[in-house]
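Dear colleague,

Please find the structure below for your review. My findings follow directly after it.

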Amino acid sequence: MIQNIGIPGLILILVIALIVFGPSKLPEIGRSFGLTLREFKRSAKDLIKDESDADTSASKENIK
């Protein structure tokens with residue numbers, strides 16, 4: 001979905017955000033979005049790691 005936006009679409013989104021939120025709020029919104037995205041990625045990695053660990057321990061139990 002995001003891959004189909006392109007440069008003109010991104011510029012339009014930024015202009016609309018600038019009009020709606022104003023120039024003083026944009027850095028704060030960007031920072032919050034970045035922190036949220038980072039936390040989401042970290043959680044996704046942890047879930048994948050936990051699932052992988054569970055699969056490994058289950059396969060070890062099957063060998064015994």
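Arginine 42 counts as partly exposed because its relative accessibility is 43%, where partly exposed lies between buried (under 20% relative accessible area) and exposed (over 50%), with a 1.4 Å probe and protein chains only. Glutamate 39, at 41% relative accessibility, is likewise classed as partly exposed. These two residues form a salt bridge in which the closest N and O atoms are 2.9 Å apart; the term denotes a side-chain nitrogen of Lys or Arg within 4 Å of a carboxyl oxygen of Asp or Glu. Glutamate 39 and arginine 42 are three residues apart in helix H2, so about one helical turn separates them.

Please note that this is a predicted model, in which local features need pLDDT of at least 70 and side-chain atom pairs count only at pLDDT 80 or more, whereas totals for chains, interfaces and linings use all residues. Residues are numbered from 1 along each chain as its sequence is written, and side-chain values use heavy atoms, with hydrogens and water left out.

The structure holds two salt bridges. In the other, the side chains of lysine 25 and glutamate 28 meet at 3.8 Å, N to O. Lysine 25 has a relative accessible area of 40% and is therefore partly exposed; glutamate 28, with 42%, is also partly exposed.

As to the overall fold, the chain has two helices and zero strands, these being DSSP runs numbered from the N terminus (helices: H or I, at least four residues; strands: E, at least two). Of the 64 residues in the chain, 5% are buried. The chain exposes about 6000 Å², of which carbon and sulfur atoms supply 66%; accessible areas come from the Shrake-Rupley method with a 1.4 Å probe, and for residues only the protein chains shown count as cover.

A nonpolar patch on the surface has about 1100 Å² of accessible area, and its members include Ile5, Leu10, Phe21 and Ile29. Isoleucine 29 lies in helix H2 (residues 26–63) and is partly exposed because its relative accessibility is 34%.

The largest pocket holds about 290 Å³ of space. A pocket is an open set of points on a 1 Å grid over the protein atoms alone, with protein on both sides within 12 Å along at least five of seven lines; lining residues have an atom within 4 Å of a point. Among the lining residues are Ile5, Phe21, Ile29 and Phe33. H1 gives the most to the lining, with five residues.

Yours sincerely

Methods. Patches are made of residues with over 30% relative accessible area and no salt bridge: like charges are joined within 9 Å, nonpolar side chains (Val, Leu, Ile, Met, Phe, Trp, Tyr) within 5 Å. On a 1 Å grid over the protein atoms alone, a cavity is a set of points where a 1.4 Å probe fits but cannot get out, and a pocket is an open set with protein on both sides within 12 Å along at least five of seven lines; lining residues have an atom within 4 Å of a point. Grid points are joined across faces, edges and corners, and a volume is the space filled by probe spheres set on the points.
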